[in-house]
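Please work through the exercises below with the sequence and the model side by side, and try each task before you read its solution.

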Amino acid sequence: MKYGIWNVNEGSGQARAALERAGFGPLTAAVLAARGCDTPETARTFLLADGPLEDPFALRDMDKAAARLHQALTRGETIAVFGDYDVDGITATCLLTEFLQSQGGRVIYHIPARIEEGYGLNTQAIAALRDQGASLIVTVDCGITADAEAAYCRELGVDLIITDHHECRDELPPAVAVVDPHRKDQPGPVRYLAGVGVAFKLAAAIVGSQEAVLQRFADLICLGTVADVMPLAGENRAFVIRGLKALAETPRPGLAALMAECGCDGGNLTAGTIGYTLAPRINAAGRMGRVTLAAELFLTRDEAKARDLSRQLCALNRQRQEVEAGIYQEALTMLARTGSGHAIVLAGEHWHQGVIGIVASRLAEEFGCPAYLICLDGEKGKASSRSYGGFNLFASLEAQAHLLESYGGHEQAAGFTIRRGEIDAFRTAVDEMARDFAASGQRKAALEIDCAVDPALLTEENILALDQLEPCGSGCPKPVFFLDGLTVEQLNEVGGGRHLRLKLSRDGQSLGAIFFSTTALRAGVAAGDRVEVAFTPQINEFRGVRSVQLNLVDIRPDRETRRRTGTARALYDKFAAGERLNPDEAAALLPEREDFSALWRYLAAQAKAGLLTDDLSCLSRKLARAGGAIRPGRVRICLDVLAERGLITLETVRERIRVRLCAAPGKKVNLDESPILITLRDQKAGD
């Protein structure tokens, strides 16, 4: 079980019926009703997103930015577009560069080298652009915290326009114009545009037509919007719908070559294809220090060069995966020694700065807490961080600004620079913030499920009709359904043991399922188990035969099994709170010596580099699969005793445990001397 809480939503049955009558498939109607679309009109408005686009001049300072660029174009000034090294920044850079050139502008662009220059504006690049004749610099997807760099532009007599979409501080940099939907003085609700979306608005403001710019650059806008995980609603949804159509027949040789190299079918391209296939390869250029490859790919009109560039990007992505795996294993080893606490803050000598953000994301998900990874080089470190459960990273950096050299980003992902000597203080501070956040009840770590579904509705026709929900992504996720009363008939590990294939049944109906990136032991299931599943349905085709398959998001014991586990947990909680147990209750909790042996064997076998994370409600079942059945309440007592006697360190976060095996003690440990066991034995005896 990956998620401790499952929220199964239910929409109005009346709305669901109305949506079905309007032509939506039964599963699609159920999802839309559960997500609040109570009429066919609201559903179509959301899905089609065909309303008018918002006025570019509704963004603060857009009038100033457009006027200054008009002036530069008229005067024939050299304009420098200054971007960022991720997909959003690269697409924004290419869009504005190509657009301004189409308006007759003299344009150069600069995307900083991630390792040598770091994120955002820097004085060295500003001076170099001035030396190339630039009298105006326009940032895209960066610059909102560049106070010193903006002041340096003024010193050099270079005008600066900032366009960005990251969180703003109270004071804005001193620039000719600062266009950012997150400005604190921006009227109306926050508009969650990507950096490329803001660049699009600027181009449209200059030319006076959003449609003309969208028609030409929908492919780039789509790529940046999806890759930067913007919510796919309203304008962003319109951008992606148009962009997916444009990508299917893209006139850009570079994008066509990249899709061909990745084996993407332009006719079946989805937002998911961008997020999981195209974006990682484009991002690899910036991560591995060759960001100009991606920009050249978008801008080239030479098909042979496009094919060569796409091959290089795919090779860089494979290299990035190898580097990532190495840092991940090193981070796990560190955590085995230190533990993770409520926030992970790790620093490594000469880690690859372009890759640590991905590793931070993996660690945040695996350990259920925010993760900050710092690349040390001399007396300073550059860091990337990723959130978990709604913890606001940008706010955490703002609160610790006195410990940082610089910082920027947003709630879910952020970066900063810190001196080596401040890392311990920073670790202590953010761990305390994460602890308080977890205790506040604001953490959002539940699995959101659209609705329960009748297995009879899982037909090929109904599943194919779910395409009506596309594009799916942030703000419009793939639908997740719930099924209970299932029996595990068969299961086997496939893909070299990396994935779990299951055959499930209910009321005589058989259903095939796949659970990626897990094993039977990790999932805690075996043949004969009664389970509930959360899943996304798909059509699987193998050797010309099509069948319905459940792509599992999570699996858990059925209600009765969970009830028994809950009873055991309540008994443990009573004992842990210091309440006296009656003899029968104490006997139920008191472990046998065989219980300790079985648990220790399991921990020693499963701990990665000495560290194990697991779910308490599933651990006793996993132990049973490994040949050591232990009652659920006794498992927790065993863990407490092992921790008490110095054999393990134990942390609990909600229903998750983190166990680190300790080095063998200098003398033999006698578990019978444990105060926990002595208390339980006394209560069992009625003393």
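The model is predicted, and local features are taken only where pLDDT is at least 70, side-chain atom pairs only at pLDDT 80 or more, whereas totals for chains, interfaces and linings use all residues. Residues are numbered from 1 along each chain as its sequence is written, and side-chain values use heavy atoms, with hydrogens and water left out.

**Exercise 1.** Describe how the rings of Tyr372 and Phe426 are arranged, and state whether each residue is buried or exposed.

Solution. A pair of aromatic rings is described by the distance of the centres and the angle of the planes. Rings of Phe, Tyr and Trp (for Trp, the six-membered ring) pair if their centres lie within 6.5 Å, and the planes count as stacked when under 30 degrees apart, as edge-to-face when over 60, and as tilted for the rest. The structure holds 8 aromatic pairs. For Tyr372 and Phe426 the centres are 5.3 Å apart and the planes make an angle of 85°, so the pair is edge-to-face. Helices (H or I, at least four residues) and strands (E, at least two) are DSSP runs, numbered from the N terminus. For accessibility, buried means under 20% relative accessible area, exposed means over 50%, and partly exposed lies in between (1.4 Å probe, protein chains only). Tyr372 has 0% and is therefore buried, and Phe426, also with 0%, is buried. Finally, ring pairs join Tyr372, Phe416 and Phe426 into a cluster.

**Exercise 2.** Work out how helix α13 and helix α14 cross, and which residues meet there.

Solution. Begin with the axes, which are lines fitted to C-alpha atoms over the stretch in contact, with angles running from 0 to 180 degrees between N-to-C directions. The axes of α13 (residues 292-299) and α14 (residues 303-338) come within 9 Å and cross at roughly 145°. Then list the contacts, where contact means heavy atoms within 4.5 Å: Leu293, Ala294, Glu296 and Leu297 of α13 meet residues of α14, among them Lys305, Leu309 and Leu316. The residues of this contact divide into 7 nonpolar, 2 polar and 2 charged; here Ala, Val, Leu, Ile, Met, Phe, Trp, Tyr, Cys and Pro count as nonpolar, Asp, Glu, Lys and Arg as charged, and the others, Gly among them, as polar.

**Exercise 3.** Find where Glu532 lies and which residues it touches.

Solution. Glu532 is part of strand β17 (residues 530-542). Its relative accessible area is 2%, which means that Glu532 is buried. Leaving aside residues up to four places away in sequence, Glu532 touches several others, including Trp6, Phe482, Asp554 and Arg556.

**Exercise 4.** Look at the backbone at Pro471, Val229 and Asp507, and say what stands out.

Solution. Most residues other than glycine have a negative phi, and most peptide bonds are trans. The peptide bond from Glu470 to Pro471, however, is cis, with omega near 0°, and Pro471 is in the loop between α18 (460-464) and β14 (481-494). Val229 has a positive phi, near 55°, and Val229 is exposed because its relative accessible area is 54%. Asp507, in the loop between β15 (499-506) and β16 (509-515), has a positive phi of about 50°; with a relative accessible area of 76%, Asp507 is exposed.
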